[in-house]
Amino acid sequence: MSEEVRGSEDIRIGVYVCHCGLNIAGVINVKELVEYAKTLPNVVVAKEYIFMCSSPGQNLIKEDIEQYKLNRIVIAACGPEMHEPTFRAAVSEAGLNPFLIDLIAIREGSSWVHYDDPKRATEKAKDMIRMSVARVRNLEPLEKIKGEVKHEALVVGGGVAGLTAALDLANRGFDVHLVEKRPTLGGHTAMMGVLNWEGRRLSGREIVRTLIKMVKDNPKIKVYTNSEVVKVDGSIGNFKITVMRKPRYVNERCNLCGKCEEVCPVSVPDEYEYGIKKRKAIYLPYSGAYPERYVIDPNSCTFCGKCVEVCPVNAIDLNEKEGEISLNVGAIVMTLGHDEYEPAIGEYGYGLSKNVITLSQLKRYLSDDGPTKGELLVNGTKPKNIVFISCVGSLGTTPHANQYCSRTCCMAALSEMLHLKSKYPDANIFYVHKDIRVYGKDEKLYWEAIDNLIKFVRFDEPPKVSIDGNKTFVDVYESTLQERILIPADLVVLVTGMTPIKEVDAVRSLFKVGCGGDGFLKELHLKLNPVESLTGGIFLAGTATGPKSVAESIIAGSAAAVKASILLAKDHIEVEPLIAEVDESKCSGCGICVSICPFNAISMQKREDGTRYSKIDPLLCEGCGTCIAACPSAAIQQYGYKDKQIIPQILAVFGR
Amino acid sequence: MKPVAVIGGGIAGIQAALDLANQGIKVYLIERTPSIGGRMAQLDKTFPTLDCSMCILTPRMVEVARNKNIELLTYCDLIDLKGSVGNFKLKVRKKPRYVDVDKCTGCMVCFKYCPSKVPDEYNEGMSERKAIYIPFPQSVPLKATIDAEHCLWFQKGICRNCEKFCPAKAINYDQKPEDIELDVAAVIFATGYELIMDAEFLREQYGYSRYANVYTNLEYERIVSATGPTGGEIIRRSDKAHPKRIAFIQCVCSRDARINPNCSSICCMASVKEAILTKEHMHDVDVTVFYMDLRAFGKGYQEFYDRAKQEFGIRFVRSKPAKIVEDPSTKNLIVYYEDTQSSKFVKEEFDMVVLAVGVRPVKPDSFIPMSEDSFAQLKDPIMEPVSSPIPGIFVIGMLSGSKDIPDSVVQAGAAAMKASLIAVSH
Amino acid sequence: MALMPTEKFYVLTEDVPRELLKLGGDGIRKCYQCGTCTAICPNSEIQTVRVRRLIKKIQLGAKDGVLGDPTPWTCYFCGDCNATCPKDATPGYIMDSARKYQIINYSILKLGKLFYNKLSMALAFIVMTAIGLLGIMVWPGSLSELDLGRADIYSFMGSELIHEIGLWLLAYVILVTLANIFNMYRYMRKAYQGKNTNASLWIKELFYTIKEALFQSRLRCQKGTSYRYLSHLSIFWGFILTFAATGTHFIWLMLYPGTSEPSYITYAARILGIIGGILLIYGSVYYVIHRLKKDDVYAERTYLPDWWFLSLITVIAITGFLTTSGVYLNAPILTYASYGVHLMAVFYLIVSAPFSKFAHLIYRPLALWFAKVWEGEI
């Protein structure tokens with residue numbers, strides 16, 4: 001950034017007062033302002049015009065810059081929101097650095113609010129102009145900050161949101177690196193069974209299969225499964241990422257024969273079946289997984305070597321080491337997904353009886369591609385009384401439940417109840433619920449459930465589940481009947497919500513992305529920037545920001561991709577130079593600014609002698625000024641708002 | 001790279017246009033009213049953050065105006081759509097404002113001199129605007145428009161005051177509609193919503209338009225708004241007094257087999273928000289919300305609902321009131337309901353009642369296939385949830401289903417993504 | 001809201017919703033418990049009357065709760081609930097089906113079930129017809145002295161015979177009805193368990209109930225029911241008057257057997273009978289027409305039990321009129337034919353009385369009485 005030598009420069013200020021039709025001129029005496037401005041030091045020319053923002057108004061400034069050799073401009077008009085860029089562009093065209101102007105809002109600040117007192121409004125406007133002149137005198141020319149943009153993207157998480165984002169970015173022409181911590185793509189959707197959304201029924205596996213096929217066929221997408229991001233450096237447009245590929249121990253020679261699985265001595269709960277069946281330490285996540293290859297789970301494997309012996313194609317190498325991959329990308333899309341709420345042992349009888357299961361487990365039982373091929377047997381017979389309990393782990397119903405609503409549980413539960421009823425028409429299905437929170441077109445799921453004589457039991461006080469041998473009872477006070485009901489349940493299904501992934505804190509600190517009070521990743525703005533994070537260049541999609549349905553995650557994946565595309569389509573990024581900068585010589589290394597920066601733009605640097613100083617990444621800094629105010633050493637200044645620019649402005653209030 | 005057309009200038013259309021334009025793709029943003037902004041411009045604050053709606057919307061509107069890649073075509077109607085993906089030919093009619101937009105500076109002097117008063121759509125008919133008007137002060141573009149149906153010159157051949165007093169000499173009564181043809185690669189429809197104003201039903205069951213102190217949710221939104229017809233004072237129509245007891249009734253014209261079986265998704269949260277705003281405006285007011293299921297399903301919603309109950313003391317009664325009767329002397333409203341959580345039959349008096357009326361899309365003149373439930377058809381609600389069955393045409397926002405602002409913004413991004421893939425390949 | 005301290009649980013039985021569906025309560029497949037029906041129902045002023053709550057009990061299968069609920073008997077089917085229900089769940093018809101369900105379940109040995117199933121109804125009809133015809137033909141004293149030259153109803157069937165059969169039938173009706181009422185009381189008492197009442201409250205509400213039964217002002221007050229009100233009142237009073245007429249005649253004959261000459265008592269009885277007959281004809285024909293045209297809310301659906309009761313009343317009224325006309329016109333064939341049909345119809349009506357829609361004559365006032373007495377405790 002260039003800095004002109006102060007003191008020797010001859011400051012020549014032009015002041016332009018706008019009428020803004022009658023908005024200003026109807027209250028303020030513009031002529032008086034112009035005459036006043038002429039009396040201020042360094043003001044070479046002061047003029048008025050009816051609409052400064054119009055072409056003739058702008059031309060007036062441009063011509064004057066040329067004619068009077070003006071090098072500072074004050075425009076007393078409307079606020080900067082609408083027209084600051086207009087005037088910056090105008091003076092630029094006349095050859096003057098665009099950051100040597102000040103737009104002072106005598107409309108919003110005086111004529112509009114003091115419409116009933118024209119005299120004092122005029123006086124106030126004079127004060128404002130005097131302040132602006134004091135400020136503008138000390139402005140320095142600034143250049144926009146350029147950053148390079150690497151035209152590659154990183155997508156962290158291979159569920160439906162990540163797959164969609166990767167496909168959209170690749171189709172848009174960018175190279176995409178898709179990193180997935182599990183040995184297969186597909187996330188939770190692949191484990192879901194059939195979903196029912198706005199009248200469309202589709203199995204989760206089918207959705208995932210379709211997306212994976214497109215990913216496979218796209219040469220611009222590189223997939224790294226069984227891998228995790230371990231280091232993130234750099235910033236928007238230029239991230240340096242280190243990915244650790246964990247060893248699979250099984251290579252591409254694997255022909256899925258399954259002999260290794262047969263001889264493996266270790267059995268652990270299968271997380272792809274929500275623990276309702278066991279898998280071996282060497283296993284295939286599910287049929288249709290991608291890559292479709294066996295994998296060894298190092299946390300349970302004893303490395304006994306039996307599988308190596310029987311593998312007919314020599315695909316197993318127990319000595320496989322982890323690999324490190326370095327990536328250099330311009331944008332990151334975080335689609336970390338979610339975990340399911342795990343009820344505590346004893347919560348509604350969970351873990352104390354095999355007749356208390358979660359909704360996800362039920363969906364696996366009822367799924368044609370599940371471990372029981374879709375048949376549900378309780379105590380060896382078809383279930384009669386099935387009780388679903390909603391809001392488990394949500395709405396503060398139990399001491400360690402979350403407060404937030406998990407959005408998708410009601411629709412998932414109702415959909416599964418209908419599925420259950422169609423398979424077992426004689427079953428008595430109860431939905432013990434708080435509110436029925438299906439929404440939009442999914443209201444018809446609720447109507448269909450009532451039509452199928454599913455019994456709705458509404459509670460305010462959470463129900464109690466008691467276990468007596470292999471009988472389970474649900475005791476609940478029905479709030480619309482004002483009576484207590486005891487339901488002998490053959491099966492109790494706990495409808496649990498979503499939680500952030502267990503590693504969320506570790507992962508997000510790597511990327512310097514914040515989280516909200518509910519633990520999910522925090523968006524730049526909940527309403528208008530729902531797929532952007534507060535960190536430039538990093539975008540968020542899917543259940544990582546909060547519970548949502550598969551369709552909503554797919555939409556979010558595309559939306560995050562478009563934000564990333566906007567960035568990646570540029571050759572370089574340009575950032576406004578009104579950013580903060582640390583004066584190393586004054587910095588004491590206390591680190592307050594690092595923790596306080598809402599945009600994670602500041603980091604601590606070490607010198608050779610061990611002392612620290614903070615450094616602000618100009619590409620991430622948004623110029624909010626928080627660090628400047630917090631710095632106890634006054635070591636930080638903001639371009640355009642330096643002390644030497646603001647203090648004269650303040651002193652000018654007092655006429656000095 | 002070929003341009004893309006976005007039909008509808010509400011928050012969804014605005015976001016889609018920006019997401020395309022910021023990639024360097026040219027966008028035609030077509031809006032039928034004189035200004036972009038849509039429904040969000042009518043809201044006071046948004047849930048659950050209680051952001052001032054206009055404050056977060058106007059920067060986007062200004063961004064649209066400034067963006068060199070967006071050609072803003074306001075006060076224009078789409079009258080024909082032909083062609084196929086990559087090659088759509090649109091015919092757009094630029095309706096005459098009778099004001100030269102190059103000269104008009106939005107100074108608003110003309111309003112003072114126009115004698116013709118019209119119910120103001122921006123304030124849901126609760127105040128008046130002039131025949132020459134700007135929809136709201138933050139309009140983009142900030143240009144006056146003459147509503148010919150109410151202009152005395154066009155209707156009776158008299159007046160022409162605006163022409164006399166305009167300082168920029170911008171009035172031109174001779175303007176004619178201008179039809180233009182646009183050649184675009186893809187079209188995104190984001191035409192927004194209207195309330196399901198089943199007049200007979202609302203009148204009969206709830207006394208709307210019969211009793212002075214019964215309001216719709218959008219009307220109430222304007223009342224609590226500082227820029228609304230009462231300057232943000234919550235006062236009632238009949239006697240301009242501050243109500244002490246206000247009732248919100250949910251699921252009016254939604255979840256109803258006779259009118260609209262769908263849930264309108266946003267009314268529960270909108271009423272909770274309006275209830276909180278009411279309590280913020282007046283501390284000694286009793287607010288009751290009558291609901292069947294309080295659908296606080298989105299991010300931050302349950303926490304917002306909990307605040308409403310615990311921090312603001314708003315009363316929530318699980319009940320759908322059956323009828324409202326007006327007390328002719330006080331104009332108070334007696335609401336008949338059964339509190340289902342106690343099985344008590346109650347006739348309770350309120351000073352004001354706000355009906356949370358359901359939503360349906362403003363139909364975009366059958367250029368796209370619609371479903372029987374009044375929303376636009378989707379190619380595949382799960383796999384292609386922003387695409388209409390016609391390739392190259394996308395449907396977002398309220399047009400394809402009731403949804404809140406974040407979901408509309410996300411859909412806008414998704415449609416912009418898909419449309420940009422088409423635009424760059426043509 | 002804390003859990004109730006009682007150990008009482010509602011027991012849920014699966015067959016309840018299915019039974020009610022068969023009886024016309026298909027609305028339970030739609031109701032989402034909004035409470036509009038209760039709020040619009042004019043009877044909700046009585047605190048024990050809760051339409052929505054009853055529907056909830058049905059949906060969940062709380063059998064004792066359904067059988068102990070007086071709500072359906074306070075309902076006059078004004079149809080306001082049907083009109084305002086946002087789900088078109090026809091709560092009015094659910095109330096109707098609840099009435100039938102209660103009739104069936106209050107009846108001893110659940111004999112009522114026979115009358116709500118087409119097959120068993122047909123069988124019952126055949127059996128009753130067989131018994132009736134047999135009785136007419138075989139019973140000593142009937143048909144033996146049929147005078148074909150003159151219209152003499154007593155030659156068709158002797159007055160002592162009718163008297164005797166009548167007494168048997170009356171005894172049967174009273175005993176069965178008492179048993180049924182006892183069932184009703186038992187269920188309702190259980191539903192309002194633990195509540196104390198005092199005798200004066202019972203007496204006060206008894207007066208209210210009798211007044212309501214006689215004048216049915218609650219029906220009159222309901223919207224758009226003025227003609228219905230008159231017609232229903234007609235049927236009721238028509239029945240009361242003809243019953244009084246016939247009863248007076250029997251008592252007269254019992255006191256003074258063997259006379260077939262009219263006296264001023266019998267004249268009074270005849271006049272009562274004629275007025276009653278006209279009222280019955282007016283009321284029943286009104287309802288037949290509306291049920292055929294389906295042009296009023298309660299008339300949209302007519303089930304077998306509705307037709308059974310209504311057609312019997314209509315037939316009785318018309319044949320009664322025809323018989324009396326026949327006697328005055330001295331047309332023997334007309335007289336005997338219509339009289340035969342008349343007697344059969346009365347027979348059907350009385351035998352099925354405790355199990356058919358006729359039972360509402362006793363259930364309605366009783367339920368209303370209980371509802372008012374126990375209302376204060378809710």
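Good morning. I begin with helix α10 of chain B, residues 405-424, whose 20 residues reach 28 Å from the first C-alpha to the last, close to the 28 Å expected at 1.5 Å a residue. Please bear in mind throughout that this is a predicted model.

How much of α10(B) is buried? The helix is mostly covered, with 17 of its 20 residues buried. At its N-terminal end, α10(B) is capped by Asp404(B), which places a side-chain oxygen 3.1 Å from the backbone nitrogen of Asp407(B).

Why may α8(B) be called largely enclosed by the rest of the structure? Because 13 of its 15 residues are buried.

I turn now from helices to a loop. Thr230(B) is located between α7 (217-224) and β16 (245-252) of chain B. Its relative accessible area is 22%; since the category of buried requires a value under 20%, Thr230(B) is classed as partly exposed. Once neighbours within four places in sequence are set aside, Thr230(B) is in contact with Ile223(B) and Ile235(B).

The last topic is the contact between chain A and chain C. The size of an interface is often given as the accessible area lost when the parts come together. Here the buried area is about 2600 Å², and carbon and sulfur atoms give 59% of that. Chain A contributes 26 residues to the contact and chain C contributes 25 residues.

Which polar interactions join chain A and chain C? There are nine residue pairs in polar contact, counting pairs with both residues at pLDDT 80 or more. The salt bridges between these chains number four. One of them pairs the side chains of Asp451(A) and Arg29(C), at 3.5 Å from N to O.

On the chain A side, at least two residues each come from β22 (428-433), α12 (443-451), β23 (455-458), β25 (471-478) and β26 (483-489). By class, this side has 12 nonpolar, three polar and 11 charged residues.

Thank you for your attention.

Methods. Residues numbered from 1 in each chain as written. Chains lettered and ligands numbered in written order. Predicted model: local features only at pLDDT ≥ 70, side-chain atom pairs only at ≥ 80, totals over all residues. Heavy atoms only, no water. Contact = heavy atoms within 4.5 Å. Buried area = accessible area lost by both parts, 1.4 Å probe. Polar contact = N/O pair within 3.5 Å; in protein donor to acceptor, adjacent residues only side chain to side chain. Helix = DSSP H or I, 4+ residues; strand = E, 2+ residues; numbered from the N terminus. Nonpolar A, V, L, I, M, F, W, Y, C, P; charged D, E, K, R; others polar. Buried < 20%, exposed > 50% of the residue type's maximum accessible area, 1.4 Å probe, protein only. Expected span 1.5 Å × (residues − 1).
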